[in-house]
Amino acid sequence: MRRFLIAGNWKMNTLRQSGVALAGELAAVAAHEEAGVEVLVCPPYPYLLPVGERIGGSAVQLGAQDVYFESPGAFTGEIAVEMLKDCGCRYVLIGHSERRAILGETDAVINRKVRAALAGGLTVVLCVGELLAERQSGQTEEVLDRQMEGGFSGISEAEAASIVVAYEPVWAIGTGRTASPEQAQEVHAVLRAQLKAATSHSDRISILYGGSMNAANAAQLLAQPDIDGGLIGGAALKAPDFLAIMAAGSVSA
Ligand code: PEP
């Protein structure tokens, strides 16, 4: 059974007060488990604790935007799996395109992070997606294949069930240019087939769409048969927009 997940990636946005206020608005609506929909927020590291406190007791889950693969020790500036769990995180995003492109994360690094997070009991949201030039040159499937193989390499069958895949075409992230529902569904079906070939637990692995999802386009995207939720950036920072996406999700779940 695949979970239906609406996840907000706050990136390097909000301050403590605005982040806690935003979390409060979501928690007030998602007081209980929404009909079949899980809701997740991923605030910046310094706000994990106050946001976690604010959503405590509601159905909103807490996640981090990244993690390091080593155990606690001499790794200045990094954050360990144990620390995220200590702050109440159940989820962690790994391999976001901004970390791949801006911070230079390779598939090998991403794989180490995925393995460490799973070993520590976190649910991983593994982000994959092609650049515009890769799509235009017909390389989408090949790129996704490489990123999926990189992410899943060395993962046990049991651990695979704790991964959520987020398909985020890089050309659609933060650009206001979203994939059409048909374009997104086409790629999700490819990813679904890749998962089927890779693990017997593919029917438990959700695939989220991310890339300029907003209150206006969410319903159509989320209604696609292979889209199991959304990873939302910009629209996750405005409570009414994110709440509208959550509502669209509960219709499709
Ligand atoms: C993201 O960064 O994961 C994302 C999907 O951003 P946006 O919704 O702003 O395109």
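## Cysteines

Cys127 is buried, at a relative accessible area of 1% (buried means under 20% relative accessible area, exposed over 50%, and partly exposed in between, with a 1.4 Å probe and protein chains only). This is a predicted model, in which local features need pLDDT of at least 70 and side-chain atom pairs count only at pLDDT 80 or more, while totals for chains, interfaces and linings use all residues. Residues are numbered from 1 along each chain as its sequence is written, and side-chain values use heavy atoms, with hydrogens and water left out.

Let's turn to the charged pairs. A search of the whole structure gives 13 salt bridges, each being a side-chain nitrogen of Lys or Arg within 4 Å of a carboxyl oxygen of Asp or Glu. Helices (H or I, at least four residues) and strands (E, at least two) are DSSP runs, numbered from the N terminus. Asp226 and Arg192 are both buried.

Arg192 has a salt bridge with Asp228 too, again with 2.9 Å from N to O. Asp228 sits in the loop between helix 10 and strand 8 while Arg192 belongs to helix 9, so this pair ties together parts that are 36 residues apart in sequence. Both of these side chains, Asp228 and Arg192, come from buried residues. Salt bridges with shared partners join Arg2, Arg192, Asp226 and Asp228 into one network.

What ties the loop between strand 1 and helix 1 to helix 4? The side chains of Lys11 and Glu98 meet in a salt bridge, at 2.7 Å from N to O. Glu98 lies in helix 4 (residues 97–101) and Lys11 in the loop between strand 1 (4–9) and helix 1 (16–29), so the pair connects parts that are 87 residues apart in sequence. Glu98 is partly exposed, at 27% relative accessibility.

The backbone of this loop deserves a look as well. Lys11 has a positive phi of about 50 degrees although it is not a glycine. Thr14 lies in the loop between strand 1 and helix 1, and it has a positive phi of about 75 degrees, although it too is not a glycine. Thr14 counts as partly exposed, with 24% relative accessibility.

## A negative surface patch

Which residues gather in a patch of negative charge on the surface? They are Glu141, Glu142, Asp145, Glu149 and Glu186. Patches are made of residues with over 30% relative accessible area and no salt bridge, with like charges joined within 9 Å and nonpolar side chains (Val, Leu, Ile, Met, Phe, Trp, Tyr) within 5 Å. Helix 7 (residues 140–152) gives the most to this negative patch, with four residues. Asp145 lies in helix 7 and is partly exposed, with a relative accessible area of 37%.

## Distances in sequence and space

Ala23 is in helix 1 and is buried, with a relative accessible area of 1%. Ala23 and Glu53 are 30 residues apart in sequence, and their C-alpha atoms are 9.5 Å apart in space. Val29, also placed in helix 1, is partly exposed at 45% relative accessibility.

Thr199 counts as buried at 5% relative accessibility. From Thr199 to Ser212 there are 13 residues in sequence and 30 Å in space, C-alpha to C-alpha.

Methods. Accessible areas come from the Shrake-Rupley method with a 1.4 Å probe; for residues, only the protein chains shown count as cover. Lys and Arg count as positive and Asp and Glu as negative; His and the chain ends are not counted. The place of a charge is taken as NZ of Lys, CZ of Arg, CG of Asp or CD of Glu.
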